[in-house]
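Welcome! Please take a look at the sequence and the structure below, and then we can walk through some of the details together.

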Amino acid sequence: MSKPTIVVCDHIHESGLDILKNTNDINYVYAADIDKVALLDVIKDASVAITRSSTDVDQKFVDAAVNLKAIIRAG
């Protein structure tokens with residue numbers, strides 16, 4: 001069974017990132033610093049997307065993330 005991929009789309013607190021970095025049963029991708037258009041390619045395999053206010057979760061975003069199970073709004 002493959003590990004779920006969690007993509008962090010925006011900047012979140014370092015303690016949250018530490019939890020993700022230290023969890024062995026997930027693939028963790030930090031994408032907060034990439035262009036939001038390029039993010040559409042990154043999230044295509046994501047199981048979970050963690051966002052804040054700088055990522056628009058619009059129809060393009062949802063359509064690009066074909067394996068998405070959850071969208072988490074941190075804040």
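K44 is partly exposed, with a relative accessible area of 42%; buried means under 20% relative accessible area, exposed over 50%, and partly exposed in between (1.4 Å probe, protein chains only). Before going further, please note that this is a predicted model, where local features need pLDDT of at least 70, side-chain atom pairs count only at pLDDT 80 or more, and totals for chains, interfaces and linings use all residues. Residues are numbered from 1 along each chain as its sequence is written, and side-chain values use heavy atoms, with hydrogens and water left out.

**Salt bridges**

- Side chains of opposite charge can pair when their charged atoms come close.
- A salt bridge here is a side-chain nitrogen of Lys or Arg within 4 Å of a carboxyl oxygen of Asp or Glu, and by this rule the count comes to three.
- K44 is paired with D45, and their closest N and O atoms are 3.5 Å apart; D45 is partly exposed, at 45% relative accessible area.
- E14 and K21 also join their side chains in a salt bridge, at 3.1 Å from N to O.
- E14 counts as partly exposed with a relative accessible area of 42%, and K21 is partly exposed with 44%.
- D10 and K36 form another salt bridge, at 3.0 Å from N to O.
- That pair links distant parts of the chain, 26 residues apart: D10 sits in the loop between strand 1 and helix 1 (14-21), while K36 belongs to helix 2 (residues 36-42).
- Helices (H or I, at least four residues) and strands (E, at least two) are DSSP runs, numbered from the N terminus.
- D10 is buried, at 1% relative accessibility, whereas K36 is partly exposed, at 29%.

**Two threonines**

- Where is T55 placed? T55 lies in the loop between strand 3 (48-51) and helix 3.
- T55 is buried, with 7% relative accessibility.
- The side chain of T55 makes a polar contact with the side chain of K36 at 3.0 Å; a polar contact is a pair of N or O atoms within 3.5 Å, where, within protein, one must be able to donate a hydrogen and the other to accept it, and residues adjacent in sequence count only if both atoms are side-chain atoms.
- Leaving aside neighbours within four places in sequence, T55 is in contact (heavy atoms within 4.5 Å) with C9, D10, K36, L39 and F61.
- T5 is found in strand 1 (residues 5-8) and is buried, at 14% relative accessible area.
- Beyond its neighbours within four places in sequence, T5 is in contact with N27, V29, D45, A46, S47 and V48.

**Nonpolar cores and a surface patch**

- In soluble globular proteins, nonpolar side chains tend to be buried together.
- A nonpolar core is a set of buried Ala, Val, Leu, Ile, Met, Phe, Trp, Tyr and Cys residues joined through side-chain atoms within 4.5 Å.
- The largest nonpolar core has 10 residues: V7, C9, A31, L39, I43, A46, A49, F61, A64 and A65.
- Another core, of nine residues, lies apart from that one, and L17, I26, I50 and A74 are among its members.
- V57, V62 and I71 make up a nonpolar patch on the surface, with about 210 Å² of accessible area together.
- Patches are made of residues with over 30% relative accessible area and no salt bridge, with like charges joined within 9 Å and nonpolar side chains (Val, Leu, Ile, Met, Phe, Trp, Tyr) within 5 Å; accessible areas come from the Shrake-Rupley method with a 1.4 Å probe, and for residues only the protein chains shown count as cover.
- V62 is in helix 3 (residues 59-64) and counts as partly exposed, at 38% relative accessibility.
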